[in-house]
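Colleague: I am new to this structure. Please walk me through how to read its features.

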Amino acid sequence: MKHKKIKQIVCLIICFLMVTAVSVRRDGKLLGHNFSESKKTTQTVGNDTMRVASDGTIVINTTSLGKDITGYGGNVPLEIFIKDGRVSDIKALPNTETPEFFDHAKTLFAKWKGKKVEEAATMKVDAASGATFSSKAIIGNMQRGLAYAAKTTAEKHWYSQFDVSAKAIAGLAVALMAAIIPLFYKNRRYRTVQQLLNVGVLGFWCGSMMSYTSLIGFMSNGINVIAFPVATILLIVAFVYPLFGKKSYYCTHVCPYGSLQELVGRCVGFKVKMKATTVHRLNIVRQLLWAVLMVCLWSGAWFGWIDDEPFSAFIVESASWAAIVIAVVFILLSTVVMRPYCRFVCPMGTLFKLSQNSKQ
């Protein structure tokens, strides 16, 4: 037993190192530390926090002010233009966010434009539906920049970062239910209710789930536990629970896409019967697919495939057409094959299995 536990911990460390390599390769960062950023660049950015244009417009650059604020793919610096005491314009500086998500989140700029600095600095702005991470990064940068402009840079209480919107509270409640209740209560009817909540709340409403995009983003930038409690819970369930004997807990009890496949599968009584040899061969194909996709990430040849994981299809406003097509195809297939994407394709699930030292 002790030997198995040590082997499992070693496998988890190996997975950590693999994702670390991808994060550094893609973003040049690890847990918020920028390996590619030179000392000279840091000093220059710090001196450029505020400038005054020829027409008197004050321009606030939040690159250094919001260096600890991250979105889905990394930092989201902004330039805030202030003229005659009002926010006249807002521009996004280069970032590594997924373009579809960030373009949707940028609609929030209109909330601040035209407002007096003092008013804009105290505004309560909710995240754009379907782009929560990018939205929170924009909101955080705006708050820092406006506070700097208004000379109100006093430190806020740590708990002020906690999102108390209805969506955030609902997501946290459902994530906690999925993480705790199945540990002590086994009931088919409750399982159906939990799966519906996973799909409706975590999936379509909050867009909260484990994917390569989110995992690499967390590894590159770190994660603010207070600002993103749901994501923290999902990480714990996916990687810590298995150390205590709860292998595949996330896939079985939490994953919105896995829940949707199982719910749809129950609607049709007929299921294709596959021989053990067929299942074995499909598992080999899944492992080979995972290996190829990981090589694409490590080499930098194709980072884009992570944006086409079907999980992102829950966020319909920002999902790529490829992700939506893949999601729909496997949902239809789940009517005759139980959880086909989970069992025979999912690269994220394969990473989980490797980290758990699990062959099933």
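This is a predicted model: local features need pLDDT of at least 70, side-chain atom pairs count only at pLDDT 80 or more; totals for chains, interfaces and linings use all residues.

Colleague: How many helices and strands does the protein have?

Modeller: Helices (H or I, at least four residues) and strands (E, at least two) are DSSP runs, numbered from the N terminus. Here there are 16 helices and 6 strands.

Colleague: What does the radius of gyration say about the protein?

Modeller: The radius is taken over C-alpha atoms, and the globule rule is 2.2 Å times the number of residues to the power 0.38. For 360 residues, a compact globule would come out near 21 Å; the protein has 22 Å, which agrees. Its C-alpha atoms fill a box of roughly 75 × 40 × 40 Å along the principal axes.

Colleague: What share of the residues is buried?

Modeller: Buried means under 20% relative accessible area, exposed over 50%, and partly exposed in between (1.4 Å probe, protein chains only). Buried residues are 48% of the 360 in the protein.

Colleague: Which residues have the most contacts inside the largest nonpolar core?

Modeller: In soluble globular proteins, nonpolar side chains tend to be buried together. A nonpolar core is a set of buried Ala, Val, Leu, Ile, Met, Phe, Trp, Tyr and Cys residues joined through side-chain atoms within 4.5 Å. The largest one has 61 residues, and Met 210, Tyr 212, Tyr 250, Tyr 257 and Leu 351 have the most contacts inside it. Helix H10 (residues 229–239) gives the most to this core, with 8 residues. A second, separate core has 25 residues, including Ile 90, Trp 112, Ala 128 and Ala 131.

Colleague: What is Tyr 250 in contact with?

Modeller: Leave aside neighbours within four places in sequence. Tyr 250 then contacts Met 209, Met 210, Leu 234, Val 237, Ala 238, Cys 255, Pro 256 and Phe 352.

Colleague: At what angle do H1 and H16 cross?

Modeller: Axes are lines fitted to C-alpha atoms, for helices over the stretch in contact, and angles run from 0 to 180 degrees between N-to-C directions. The axes of H1 (residues 2–27) and H16 (residues 347–355) cross at roughly 140° and come within 7 Å. Angles under 35 degrees count as roughly parallel, over 145 as roughly antiparallel, 65 to 115 as roughly perpendicular and the rest as oblique. H1 and H16 are therefore oblique to each other.

Colleague: Which residues meet there?

Modeller: From H1 come Gln 8, Cys 11, Leu 12, Cys 15, Met 18 and Val 19; from H16 come Leu 351, Leu 354 and Ser 355. By class, this contact of H1 with H16 has 7 nonpolar, 2 polar and no charged residues. Ala, Val, Leu, Ile, Met, Phe, Trp, Tyr, Cys and Pro count as nonpolar, Asp, Glu, Lys and Arg as charged, and the others, Gly among them, as polar.

Colleague: Is H16 mostly covered or mostly open, and what covers its buried residues?

Modeller: H16 is mostly covered, with 8 of its 9 residues buried. The cover includes H1, H9 (212–221), H10, H11 (249–253), H13 (276–299) and H15 (340–344).

Colleague: How do H12 and H14 meet?

Modeller: The axes of H12 (residues 256–265) and H14 come within 9 Å and cross at roughly 35°. Tyr 257, Leu 260, Gln 261 and Val 264 in H12 meet Ile 326, Ala 327, Phe 330 and Ile 331 in H14.

Colleague: Where is Glu 262, and is this residue buried or exposed?

Modeller: Glu 262 is in helix H12. With 11% relative accessibility, Glu 262 counts as buried. Setting aside neighbours within four places in sequence, Glu 262 contacts Arg 191, Gln 195, Met 338 and Arg 339.

Colleague: What is the phi of Arg 339?

Modeller: Most residues other than glycine have a negative phi. Arg 339 has a positive phi of about 45°, although it is not a glycine. Arg 339 lies in the loop between H14 (321–333) and H15.

Methods:
Residues are numbered from 1 along each chain as its sequence is written. Side-chain values use heavy atoms; hydrogens and water are left out. Contact means heavy atoms within 4.5 Å.
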